[in-house]
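Please open the structure in the viewer and keep the sequence alongside.

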Amino acid sequence: MPVGLKEQMLVKGVAFHLESGLPPEARFLLEDFRLAVNNAIRVGLQTHTTSRNALIRLAYGDFRENHPKMYAQHLVSAFGVAAGVLKNYRRRVRMSSAHRVPYVKRLMMKAENQAYKLDRENGVIDLPIRAGCHVHLKLVLSRYHRKYLDDATLSLGSLTVLPDRVIVAFRKEAPKPYDPESALLLDTNERSLDGVFVQGNGTRIVKAEFPAVATIQQRHHDRRRRLQNKKSHDRRMATFLCRREGSREHRRIDYRMHQVANAVLKFAESQKSAVVLEDLKGIKFKRNKDLNRRLSLWPRRKLHQIIEYKAQWRGIPVMKVDPRYSSRKCPICGRIPDSRMGTEFVCECGWRLDRHINASINLLQTAISKGLEVAGGLRFDPGAFQHDVVMTLYDPARGARSEPNGTSCAIGVT
Ligand SMILES: [Zn+2]
């Protein structure tokens, strides 16, 4: 779960399993750590403090007495975790959504990068428990993991230890995005990304489908509804089961979104494209509960998030443009036909095209008119627009991008 950090520092968390489980000493450390976090949360709540440094000033002395053996760095990091929990709590209180007093139940600990050592060659973590007592955690390494360990440009961030795995944060400075030579415009829909790829004078239709996502959402929604009926006598159980359904749903969708994003970015990188997406920020819903659920923006926002951070990590330029009217405007004459449309956009001037593809062409026009640096001088030329060939960036049936074949890979050559 990479997070953008100040100074354009990028962080990516990589999970490792341990070759022989967690040694008992480390398990005790996790328990102590959780205790320290919960104590710090209590102090924070009593004194209305949410900053790590203030917590340290207030409570470090007492803590040292209660946890005399704990490595001092770990204690400081426990304050950090507590501060994070408190900040979340305060935000929830402000939004006045349902909340209970925070308490960390999950067994975990976090060590800052100066509080542990990682032998990147052999994949062994040296974690100090207390003075004179260290444990060695042997990591299970795959090719995916080696990629991060061997990359010398990545520095180490914090280490999170969980009962069954550890998460190492790798950090690097955001690479400068390349100068785009083409553009990939994508309109994000419920079941697919639809758009155009513009290079030179040629424009082609591209598509990345993820039909499974809507199906998963529907299935989990039905299940939750059934659970709620079945457990209507026991709200606590109903909440618990629904929450579990929810996190399963999120995991399943997440996985598919990552695959779609990887396929799209692989293509963009190979063509030196700038990726242009619509800005989903301002979009609000109408007052129809059922429709709202069906069209839930969550997976689409998630997909954008994933595309953006992956692109940032790899130095692929991404632009977001205001999607207003993009699905209703004619890119040729600028009219906004007010008749309701089916799957096809039809304009009085004779222009007709798939509604979603049309939207992506409007995104390109907006990007150009806003002066965004979309591959200097690229523009949409209806004459060079190839309606007939659809390039598939991601094919869910194959689980990966189908390599462009003979007819569809001669991009830009007409
Ligand atoms: Zn028109």
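How are the donor residues of the zinc ion spaced in sequence, and what is the pattern? The spacing reads C-x2-C-x13-C-x1-C. This is a predicted model, in which local features need pLDDT of at least 70 and side-chain atom pairs count only at pLDDT 80 or more, while totals for chains, interfaces and linings use all residues. Residues are numbered from 1 along each chain as its sequence is written, and side-chain values use heavy atoms, leaving out hydrogens and water.

Select the zinc ion first. Its coordinating atoms are SG of Cys 330, Cys 333, Cys 347 and Cys 349, at 2.2 to 2.3 Å (donors are N, O and S atoms within 2.8 Å of the metal, or 3.2 Å for Na, K and Ca). The angles subtended by the four donor atoms are 106 to 114°, so the arrangement is tetrahedral (for four donors, all angles between 85 and 135 degrees).

Next, select Cys 330 and Cys 347. This pair, 17 residues apart, links distant parts of the chain: Cys 330 lies in the loop between strands S13 (318–321) and S14 (344–346), and Cys 347 in the loop between S14 and strand S15 (352–354). Strands are DSSP runs (E) of at least two residues, and helices runs (H or I) of at least four, numbered from the N terminus. Cys 330 is buried, with a relative accessible area of 1%, and Cys 347 is buried at 5% (buried means under 20% relative accessible area, with a 1.4 Å probe and protein chains only).

Finally, select helix H1 (residues 24–47) and helix H2 (residues 52–66), which pack at an angle of about 130° with axes 10 Å apart.

How values were computed:
Four donors count as tetrahedral if all angles lie between 85 and 135 degrees; four count as square planar and six as octahedral if opposite donors are over 155 degrees apart and all others between 65 and 115; anything else is irregular. Buried means under 20% relative accessible area, exposed over 50%, partly exposed in between (1.4 Å probe, protein chains only). Axes are lines fitted to C-alpha atoms, for helices over the stretch in contact, and angles run from 0 to 180 degrees between N-to-C directions.
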